[in-house]
Amino acid sequence: MDDLGTFLAHAVALEKESGERFDALADSLEVHHNPEVVELFRKMAHFSRLHLREVQDRAVGVVLPHLRPWEFSWPNAEAPETPSVEDTHYRMTAHHALLQALASERQGQAFYAGVAARTVNAQVKALATAFAAEEGEHVALLEATLSRFPPPPANWAEDPDPPNAPD
Amino acid sequence: MDGESMTHPNPQDYRSDVKPVWCPGCGHFAVITSVARALAELGLARENVALISGIGCSSRLPAYSTVYGFHGVHGRALPVATGLKMARQDLTVLVAGGDGDGFSIGGNHFLHACRRNVDLTYIVMDNSVYGMTKGQASPTTEADWDGSKLTPGGPGIAPFQPLEIALSAGASFVARAFSGQPAELTRQICEAICHKGFSFIHVLSPCITYRPEQRAYKDKVHQDWSQPASDRTEAFRTLLEDDGFATGILFRGSEPAAKPVERPRVALSDMETQFVV
Ligand SMILES: Cc1ncc(C[n+]2csc(CCOP(=O)(O)OP(=O)(O)O)c2C)c(N)n1
Ligand code: SF4
Ligand SMILES: [Mg+2]
């Protein structure tokens with residue numbers, strides 16, 4: 001990725017989609033009365049929005065191209081810091097939510113590190129390196145937090161009165 | 001599609017304040033996200049779009065959107081949408097539902113909507129189960145699926161083939177997407193809306209509650225159909241090789257979309273003149 005505008009358009013989308021998805025997951029867990037995980041997802045959404053503002057500040061004066069949703073050069077099907085919908089469960093615990101958040105931050109870090117390693121544009125390289133370092137800090141923070149939330153017992157998903165009892 | 005020369009609304013503008021009640025992890029979440037992104041990408045005004053559905057978890061989409069919506073009767077989304085489009089050619093009409101809604105109780109309407117070629121975009125979220133009514137077999141369920149007490153040992157019937165049937169019945173745009181690949185799904189929805197005629201998008205959308213094994217879809221799907229066929233026979237040949245997990249736009253025809261018949265308006269006074277002897 002050698003164009004500064006294109007790179008920043010990716011960074012904006014990465015943070016925006018991450019915030020929106022964390023909020024959507026929080027909404028979904030709220031409906032299913034899991035307040036601990038809701039709080040965690042809301043915090044992650046808030047952090048994503050703070051980072052979005054940071055990226056937008058850095059983009060002042062740069063023309064960002066409009067990329068259609070399918071024109072982004074993401075390594076996978078979605079923007080790298082977007083937590084996956086399918087890893088959620090209505091009885092998930094803070095431990096699971098932190099694992100999900102950690103995975104998304106790690107993917108963000110790897111994305112920026114990859115751009116920094118490959119680009120020939122010095123400005124893009126400097127910014128991608130800085131963003132990768134920031135993501136690295138978030139990874140370390142989440143790892144430290146995770147150590148305070150050990151894995152739940154193996155039967156965490158068991159529900160004596162499941163909402164999905166078959167017919 | 002011209003993506004460069006316009007300002008794009010925020011996809012969130014197409015989302016209502018109603019929070020989805022779907023199970024966390026359900027594939028349908030990605031579908032409403034993709035619909036909103038597609039509408040924003042095309043810059044469609046909310047008041048010029050209608051989203052029609054039947055009944056089922058998948059049919060809840062209109063509640064989660066700010067465009068005009070009609071949450072209809074089970075299996076009857078397509079007739080409602082057909083009537084609306086015929087009366088209001090200016091509207092972009094989307095139809096959403098599930099495999100039960102669209103292929104079981106609504107199967108007859110599906111055939112005739114394909115053959116009428118009304119300019120609609122029909123999105124079916126297929127999870128091969130009746131999710132909303134707690135996990136019964138649907139027309140696309142595998143013959144040996146033993147997950148419901150109602151069909152011990154499995155339904156024992158060869159599954160319905162939505163793409164083959166849509167092609168045979170005359171649909172002029174046929175595609176398949178996976179909810180786990182929302183960018184591709186968004187692209188297909190944009191293409192389907194821009195296509196003039198009946199557009200059918202078959203979305204593999206896992207029901208993680210009654211078909212938890214569908215979480216493995218992400219390892220099974222493969223984007224194979226990079227270029228849509230414009231020849232129906234060629235599309236059929238492609239389907240002969242289909243394992244049910246190929247994604248992309250399979251077929252885009254050029255048959256003209258149905259238009260309402262302009263009937264001469266007869267006023268009462270005209271009739272009176274005919275009675276004059
Ligand atoms: C006339 C009528 N018959 C049956 C039902 C019960 N019913 C509600 S939703 C549904 C099936 C939904 O399955 P599907 O369309 O695949 O949607 P999903 O919930 O899987 O997304 C059925 C049979 C009904 N609501 N109305
Ligand atoms: S029952 Fe299945 S289809 Fe319905 S919301 Fe839950 S996961 Fe989705
Ligand atoms: Mg279904």
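Helices (H or I, at least four residues) and strands (E, at least two) are DSSP runs, numbered from the N terminus. Over residues 55-203 of chain B, the chain is 33% helix and 19% strand, and the end C-alpha atoms sit 17 Å apart. UniProt gives this stretch the feature "domain: Thiamine pyrophosphate enzyme TPP-binding" in an unreviewed entry; such annotations may be inferred rather than shown by experiment, feature names are shortened, and positions follow the numbering used here.

The model is predicted, with local features needing pLDDT of at least 70 and side-chain atom pairs counting only at pLDDT 80 or more, while totals for chains, interfaces and linings use all residues. Residues are numbered from 1 along each chain as its sequence is written, chains are lettered from A and ligands numbered from 1 in the order in which they are written, and side-chain values use heavy atoms, leaving out hydrogens and water.

Now for the metal. The magnesium ion (ligand 3) has Asp99(B) (OD), Asn127(B) (OD1) and Val129(B) (O) as its protein donors, 2.1 to 2.2 Å away. Donors are N, O and S atoms within 2.8 Å of the metal (3.2 Å for Na, K and Ca); water is not among the atoms, so sites may look incomplete. Asp99(B), in helix H3 (residues 99-105), and Asn127(B), in the loop between S4 and H5, are 28 residues apart. Asp99(B) is buried at 1% relative accessible area (buried means under 20%, exposed over 50%, partly exposed in between, with a 1.4 Å probe and protein chains only).

Thr140(B) is buried too, at 9%. Its contacts (heavy atoms within 4.5 Å) beyond four places in sequence include Asp99(B) and Phe103(B).
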